[in-house]
Amino acid sequence: MCSSDLADLTRLFVIEQFPAPPETLYVENFDDNPVGWTTGAGAGDTGTTVWELGTPSGGEGPGAAQSALNCYATNLDGPYGIDTEIWLRSPPIDLTGVGAATLNYNEWRDIEVGFDSGKVTILDAADDSEIAEIADSIDALVDPWELTSYPVPTAALGKMIKIEWRFAADNINEFGGWHIDDVSVTVP
C-alpha cells in the first residue's frame with residue numbers, strides 16, 4: 001500500500017461536550033385560557049386587590065404583557081390597594097423522577113421597598129403545604145419586564161408541586177404592583 005492510499009483512510013473527528021438543552025416540564029403564557037391556576041386571599045386581606053388575569057392597561061403598570069396579550073397582575077389597571085395579602089398558584093406540576101429543575105418567569109414589578117413584598121414558594125400539590133421557599137422580600141422596581149430564574153429546591157424534587165406567588169402590602173402607600181408572565185419549569 002502506498003502512502004497516498006493511507007491518506008485516504010485517515011479520518012479526523014472532533015468531539016465536543018455541550019450541556020443538554022433544557023427540557024420543558026411545564027409552560028404557560030396565560031394567553032389561551034390557562035387551566036388550573038387559582039387565586040385567593042389571606043386572613044388579613046381587605047379585598048382591595050386581587051390577582052387578575054388579562055391585558056394590563058397601563059396606568060401604573062407595564063402597559064402590556066411580556067408576550068402576546070395576557071399576564072397575571074396584582075391589578076391590571078392601577079396600583080395595588082392597602083392591607084393586601086393575596087396569592088396566585090399554579091396547577092400541579094409533576095417533578096417525580098426529576099433530579100433538578102429550574103423555575104423561570106417574566107416579571108414586571110413596582111413594590112414599595114421595605115414595607116410591601118412578594119415571595120415565591122413551592123407547595124405540595126396534595127395539600128398546599130409549604131415545601132420550600134424560593135425567594136422572599138421581593139420588592140422594588142423592575143421595569144421593563146425581566147426574566148427571573150430560580151433553581152427548584154431539592155426538597156421539592158420527586159414530588160407533585162404547585163408554585164405560589166404571594167403578595168402583601170401594608171396600610172399606607174400604593175404602587176404599580178407585581179405582574180407575572182411566561183411561567184415555565186425546565187430540567188435543568
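This is a predicted model: local features need pLDDT of at least 70, side-chain atom pairs count only at pLDDT 80 or more; totals for chains, interfaces and linings use all residues.

Visitor: Why is Thr49 called buried?
Guide: Buried means under 20% relative accessible area. Thr49 has a relative accessible area of 1%, so it is buried. You will find Thr49 in the loop between β2 (38-41) and β3 (52-54).

Visitor: What makes the meeting of the Thr49 and Thr84 side chains a polar contact?
Guide: The side chains of Thr49 and Thr84 come to 3.4 Å, and the cut-off for such a pair of N or O atoms is within 3.5 Å. Leaving aside neighbours within four places in sequence, Thr49 is also in contact with other residues, including Tyr80 and Ile86.

Visitor: How do you know that Arg89 and Glu164 form a salt bridge?
Guide: A side-chain nitrogen of Lys or Arg must lie within 4 Å of a carboxyl oxygen of Asp or Glu. For Arg89 and Glu164 the closest N and O atoms are 2.7 Å apart, so the pair counts as a salt bridge. This pair links distant parts of the chain, with Arg89 in strand β5 (residues 84-89) and Glu164 in strand β11 (residues 160-169), 75 residues apart. Both Arg89 and Glu164 are buried.

Visitor: What makes Glu164 and Arg166 a salt bridge, and why is Arg166 called partly exposed?
Guide: The N to O distance between the side chains of Glu164 and Arg166 is 3.1 Å, and the cut-off is within 4 Å, so the pair qualifies. Arg166 has a relative accessible area of 22%, so it is partly exposed. Glu164, at 3%, counts as buried.

Visitor: Which residues are linked with these in a network of salt bridges?
Guide: The network is made up of Glu85, Arg89, Asp128, Lys162, Glu164 and Arg166. In the whole structure, a search finds seven salt bridges.

Visitor: What makes Arg89 sit over the ring of Trp87?
Guide: Arg89 lies over the face of Trp87, at 3.6 Å from the ring centre, and the distance cut-off is within 6 Å.

Visitor: How many aromatic pairs does a search of the whole structure find?
Guide: There are eight aromatic pairs. One of them is Phe30 with Trp37, edge-to-face, at 4.9 Å centre to centre and 75 degrees between the planes.

Visitor: Why is the pair of Phe30 and Tyr72 called edge-to-face?
Guide: Rings pair if their centres lie within 6.5 Å, and planes over 60 degrees apart count as edge-to-face. The centres of Phe30 and Tyr72 are 5.2 Å apart and the planes stand at 90 degrees, so the pair is edge-to-face. Phe30 lies in the loop between β1 (23-28) and β2, while Tyr72 is in strand β4, 42 residues apart. Both Phe30 and Tyr72 are buried. Phe30, Trp37 and Tyr72 belong to one aromatic cluster, together with Tyr105, Tyr150 and Trp165.

Visitor: Why does Asp83 count as partly exposed?
Guide: Asp83 has 28% relative accessibility, which is between the buried limit of under 20% and the exposed limit of over 50%, so it counts as partly exposed. Asp83 also has a phi near 50 degrees, a positive value in a residue other than glycine. Its place is the loop between β4 (71-73) and β5.

Notes:
Residues are numbered from 1 along each chain as its sequence is written. Side-chain values use heavy atoms; hydrogens and water are left out. Helices (H or I, at least four residues) and strands (E, at least two) are DSSP runs, numbered from the N terminus. Buried means under 20% relative accessible area, exposed over 50%, partly exposed in between (1.4 Å probe, protein chains only). A polar contact is a pair of N or O atoms within 3.5 Å; within protein, one must be able to donate a hydrogen and the other to accept it, and residues adjacent in sequence count only if both atoms are side-chain atoms. Contact means heavy atoms within 4.5 Å. Rings of Phe, Tyr and Trp (its six-membered ring) pair if their centres lie within 6.5 Å; planes under 30 degrees apart count as stacked, over 60 as edge-to-face and the rest as tilted. A charge sits over a ring if NZ of Lys or CZ of Arg is within 6 Å of the ring centre and within 35 degrees of the ring normal.
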